[in-house]
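Thanks for coming, everyone. Let me put the model up, and then I'll walk you through it.

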Amino acid sequence: MAEEVKKQRPAPDPNSAKMRLRKIAADAYSDAVEAKKRGELVGWCSSNFPVEIPETLGLTVCYPENQAAGIAARGGGERMCSEAESEGYSNDICAYARISLAYMKLKSAPEQDMPLPDYVLCANNICNCMIKWYENIAKELNIPMIMIDIPFNPDYEVSEAEIDYIEAQMWDAIHQLEKITGHKWSDEKFRQVQQISGRASKAWLDATATARYVPSPFNGFDLLNHMAVMVTARGKEEAAEAMDKLNSEYEENHLNGTSTFHAEEKYRIMFEGIACWPWLRVTSTGLKGRGINMVTTIYADAFGFIYKDFRDMCRAYAEVPNCMNIEHARDKRVRLCKDNHVEGLLVHTNRSCKLWSGFMPEMSRQIGKECNIPVVSFDGDQADPRNFSEAQYDTRVQGLMEIMDTNKEAK
Amino acid sequence: MTSKEIFAKLHEVAFNPKQQLNQYLADGKKVVLVTYYTPNEIIHSMGLVPMGVWGADIQLNQSKKYFPAFICSIMQSILELGINGTYKGASALVVPSLCDSLKCIGQNWKYAVKDIPFIPMSYPQNRKPDYGKRFTKAGYERVISDLEAITGAHFSDDNLRVSNHIYNEHNAVMREFAEVASEYEVSAQERSDVFKSAWFMLPEEHTTLVKELIERLKEGPKDSRKVRVLVSGILADAPQLLELFEKYGIKVAFDDVCDESRQYKKDVPETIQNPMDGLVEKFCSMDDDTLLYDADKKRVDYIVTEAQKHHAEGVIVLMTKFCDPEEFDYVPIKRACEKAGLHQVNIEVDRQMVNYEQAATQLEAFSELF
């Protein structure tokens, strides 16, 4: 029997975009730990809270959603969810929230530590579940909660009344934070942050748009990892530089005929929904093994925060996924599918996310019809491993592949 | 009428909303479907009949094409009833976006029930500052504009002033009923029927009946049951469940139920000259609700205080399955009850519930604690 020879992988280049982005994400946690040790106040911040506010004020914040995803990806999802359930939280509640509430109680997790908060920053443009989750944290830890309510927009465009409402809240939040932390707002610093955030956003949009090349110069699962930096650090210079680097690497890959998708790209799909972090390898391998590259997701569009001034920023935060009506949400995805030559749509019906999944069947039908592509869904969860069946996933992906095959033959 | 006759009439209405809808339509009125915190005063002031939709205990079929299984069955069954034609003849559906499932139903409704237009009502969560009030007003103005376009009805401040007063009077009567029902002999089903029927009748009609009922009840015997509870949840209307309350001698001393007392806590301040500003003030002054931003969790204290005020020694949480706002609030409620020495139990309920054995076991054990 031949001895298995393991391929020697070259040591990763520390200057590569991947390593730079990984470092930025890791530093966010270690910086927060250090800040706490120095006696600085640390906040917990929801993912679509306007990062420009803490960044301009020079505050140190952590992102519980990212932490929960990290804990789940490293195998701690079930343990932490069970911990929250033992306190009385229903297993119907978002698994990120359950992990976070468990962490608040345990104050430590081997998979990913971060300091407990002195205040919480909440924006509900991702979901209203976020409000309840942060209310419970604020109440239990007896800390202030700063809440920017960005209502679900039932119309295609954001109304002036809604922008007025958001803008007033943004200033209110800034003034509350000035009082809590003693830090001062600076218009000049804001303009710098806006410029950096705009640069990072543009680079992100450009990088993700290289999926228009066939084959794609990247594996779409890369985006699920890299987006963490766009969520948390897009106002930081090093993030903008890393995103520029990512874009140039993808362009180079295209010119060199290489890709981070290390297989023959036979099919191109869009993946809808948050990743199944506890099953990331399984969901990735299930596609790659069949030559299916997930070339785009709504995240490609979601973090393109390009705006011209403070008021326009308020509009931008009301136009994030999960905050827009079905027609607007559909059209953004249709554009991604068409621009990136997508041949099928794989929908994650995410048990943790009622808002993301609550009108997805109708929206994905409309996308399928508009783009003339097959749509297949599977049941899963962003962080609770108990809500995913590998066998179902495999069957559904196989089904999608067979329809895409038939469509190719018919062309 | 005797109290039994009034209860029977309200029971009939509570259990036959379709008949009410058809009667209003036959009378030449236009009906607008409403949900959690819709501006019913506005709808009423435009000569339209607001009728509540809270779903029904039915099998879900077509709604499954739109909703995944883990959306609450209230939303699922509202959509099912919309698709199967139960609401046929209604002019519009008004839905506020106060929870994630409420956000979703409107988006699905547009494609699933094309003959009844969806009107969104965007409320602010930051409702106390002036900017929250301005946003509430903008939301109401949008509802008016949509209603005018859809129904041809017209809005006027003068008519709203009248409707505000009618609703305030109804609120006061419903609050008084809750107190009287706490003190006098009223079954859980009868109590539920009074609150439920309010959703399917014009408030002025309902006020007249409930006022008379209150007088009759005060002539009757006081309730002597030992097991007095506060019931909390979104709904508490399943007859099989309410039967269990009677079976185990459980008296509903007060409620924090969304389609019951939560609706009647705040009035429109009629001292505010502009009736629209008054209506805005009503919403913005609302608190102690799972759907309304509450960083201090005052709702939890409210539940404990109301339980104690009504001499209830226990709290029954009727947890609507998949209602995550309520599920988040349960843990602090449980802890606060324990701290206050109140018994508490969490019973999961669902619109598709057919087996009440687990609920029966829980309620029987709970009643034995008193």
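Ground rules come before that. This is a predicted model, where local features need pLDDT of at least 70, side-chain atom pairs count only at pLDDT 80 or more, and totals for chains, interfaces and linings use all residues. Residues are numbered from 1 along each chain as its sequence is written, chains are lettered from A and ligands numbered from 1 in the order in which they are written, and side-chain values use heavy atoms, with hydrogens and water left out.

Now the interface. How many residues does the contact take from chain B and from chain A? It takes 49 from chain B and 50 from chain A, where contact means heavy atoms within 4.5 Å. The area buried between the two chains is about 4200 Å², and carbon and sulfur atoms give 58% of that. Buried area here is the accessible area (1.4 Å probe) that two parts lose on being put together, summed over both. On the chain B side, Phe70(B), Tyr131(B) and Phe328(B) lose the most area to chain A. Together they make up 18% of what that side buries.

Polar contacts next. Across this interface there are 27 residue pairs in polar contact, both residues at pLDDT 80 or more. The term means a pair of N or O atoms within 3.5 Å; within protein, one must be able to donate a hydrogen and the other to accept it, and residues adjacent in sequence count only if both atoms are side-chain atoms. Helices H5 (100–112), H6 (130–151) and H13 (324–340) of chain B each supply at least two residues of the side that touches chain A. Helices and strands are DSSP runs (helices H or I, at least four residues; strands E, at least two), numbered from the N terminus. H13(B) gives the most to that side, with 10 residues.

On to salt bridges. The term means a side-chain nitrogen of Lys or Arg within 4 Å of a carboxyl oxygen of Asp or Glu. The structure holds 73 of them over all chains. Between chain B and chain A the count is 7. One pair is Glu327(A) with Lys110(B), at 3.0 Å, N to O.

Within chain A, Lys236(A) meets Glu55(A) at 3.2 Å. Lys236(A) sits in the loop between H9 (221–233) and H10 (237–256), and Glu55(A) in H2 (residues 52–57), so the pair ties together parts 181 residues apart in sequence. Lys236(A) is partly exposed at 29% relative accessibility, while Glu55(A) is buried at 15%. For those words, buried means under 20% relative accessible area, exposed over 50%, partly exposed in between (1.4 Å probe, protein chains only).

Now a pair within one helix of chain B. Arg216(B) bridges to Glu219(B), with the closest N and O atoms 3.2 Å apart. They are 3 residues apart in H9 (residues 203–219) of chain B, so about one helical turn separates them. Arg216(B) is partly exposed at 27%; Glu219(B) is exposed at 57%.

Last, helix H12 of chain B, residues 298–309. Its 12 residues reach 16 Å from first C-alpha to last, close to the 16 Å expected at 1.5 Å a residue. That expected span is 1.5 Å times one less than the number of residues. Its buried residues include Val300(B), Tyr302(B) and Ile303(B). Among what covers the buried residues of H12(B) are strand E5 (227–233) and H13 of chain B. Just after H12(B), His311(B) takes a positive phi of about 55°.
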